[in-house]
Amino acid sequence: MPINNRIAAFQDDMTAWRRDIHAHPELGFEENRTADLVAAKLAEFGIAVHRGLGKTGVVGTLKGLGTGSGRAIGLRADMDALPMPEANDFDYASRHPGKMHACGHDGHTTMLLGAARYLAETRNFDGTVHFIFQPAEEGQGGGLRMIEEGLFTQFDCEQIYGLHNWPELPAGQIAVHPGPVMAAANQFEITVSGHGAHAAMPHRSIDPVLVSAHIITAAQSLVSRGTDPADSAVVSITVVDAGTAANVIPDSAILRGTMRTFSEATHRRIQEQFARLVSSIAEGFGAQAVLNFRPGYPATVNSEPEARVAAAAAAKVVGDENVIWAPAPTMAAEDFGYMLKERPGAYIWLGHGGHGGPGCRLHNPHYDFNDAILTTGASYWASLVETILPRSA
Ligand SMILES: [Zn+2]
Ligand SMILES: [Zn+2]
């Protein structure tokens, strides 16, 4: 390539699609207008469309001119917006109060549509491509729901690929991890039950606030003393909810937080240690504590051979010198982790650049997807397909 010339000619169209989606953000499992737009475009390009997996999910299926390989791969984009007000005032800012495309999923959807258009026009590959547009990436597990409803049995992909725009990375660069990219995350809640009393008569109480303080402090040892310094983990207690009056020791207290790791073994071990600490601290004070975990997304872990293929496909677009191999992963979490548990593949970071100053940060009310990288992302998708499914003749 570099930027595929044919895709470069889509710049104005793609910018218009992206801004249209940006102006009409929809939350997880409510992406009806967005899914209508995606399905209409795919059909217009001559791609077979399937709808309804994960409620609003859309899958487009395209066969290349070559048919001998019998191979199939999946490319995935996410369609949902965030429940937050937009602070931008350009003419395509959100028309839906309290909803905003602040994570760039409008751009992700558009780039996969751009690639679909190019691949449908050229079909210069041997095999099948499934374009997967998933709902509800922002915390609701729309990708998992598509899998549970038969994504990979109805559309058998031998490999699966995803991407996310990355504001910390300059536009024109692509980062690829040969292993973990994002962390596994869970949430937990601890209910500490003691015995309330007048604050002037603490000896009549079992103080759940004091017990909570010890639990919060002890939780800091899970990473600092219990985890290999070369491994990574986070335990954050972010909610402390107890008491209503300065002169009343309450009956109970509630703590909430989140735990993040890259490995499942570390995740399990920290959960077990935490459970032991919580119950023994409570018992030591004569209180009771119940700890519940709500599992979240698994870690997003690339398989190395597919990561190498993704890096090679990226290099054809942005040049070897602009492919960042094996940068540090992040403790944020991604629904795509579920897909990578089902199939080998790779999830890459597409350089987005800081075009908007502080407003370029993901989940920031001033964020706006950088339209200048639409053709880079679409060209990467096209390059990936032509690299993995080459036509021999
Ligand atoms: Zn996000
Ligand atoms: Zn996102």
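Strand E8 (residues 184–193) and strand E13 run antiparallel and are joined by 8 bridges. Hi everyone, that is where I'd like to begin. A word on the ground rules: this is a predicted model, in which local features need pLDDT of at least 70 and side-chain atom pairs count only at pLDDT 80 or more, while totals for chains, interfaces and linings use all residues. Residues are numbered from 1 along each chain as its sequence is written, chains are lettered from A and ligands numbered from 1 in the order in which they are written, and side-chain values use heavy atoms, leaving out hydrogens and water.

Two terms will come up a lot. Helices (H or I, at least four residues) and strands (E, at least two) are DSSP runs, numbered from the N terminus. Two strands pair if DSSP finds at least two bridges between them.

Now, the metals. Donors are N, O and S atoms within 2.8 Å of the metal (3.2 Å for Na, K and Ca), and since water is not among the atoms, sites may look incomplete. Which residues coordinate the zinc ion (ligand 2)? They are Cys103 (SG), His105 (NE2) and His164 (NE2), at 2.1 to 2.3 Å. Cys103 sits in the loop between strand E3 (72–78) and helix H4 (105–122), and His164 in strand E5 (residues 159–166), so this pair ties together parts 61 residues apart in sequence. Both Cys103 and His164 are buried, where buried means under 20% relative accessible area, exposed over 50%, and partly exposed in between (1.4 Å probe, protein chains only).

Cys103 also bridges to the zinc ion (ligand 1), 3.2 Å from the zinc ion (ligand 2). The protein donors of ligand 1 are Cys103 (SG), Glu138 (OE), Glu138 (OE) and His363 (NE2), at 2.0 to 2.8 Å. Why is the arrangement irregular? The 4 donor atoms subtend angles of 52 to 150°, whereas four donors count as tetrahedral only if all angles lie between 85 and 135 degrees. Glu138 is partly exposed at 22% relative accessible area, and His363 is partly exposed at 39%.

Finally, two loop residues. Most residues other than glycine have a negative phi. Phe29, in the loop between helix H2 (11–23) and helix H3 (32–44), has a positive phi near 65° and is buried, with a relative accessible area of 12%. Lys55, also not a glycine, has a positive phi of about 65°; Lys55 is in the loop between strand E1 (48–51) and strand E2 (58–63).

Notes: Four donors count as tetrahedral if all angles lie between 85 and 135 degrees; four count as square planar and six as octahedral if opposite donors are over 155 degrees apart and all others between 65 and 115; anything else is irregular.
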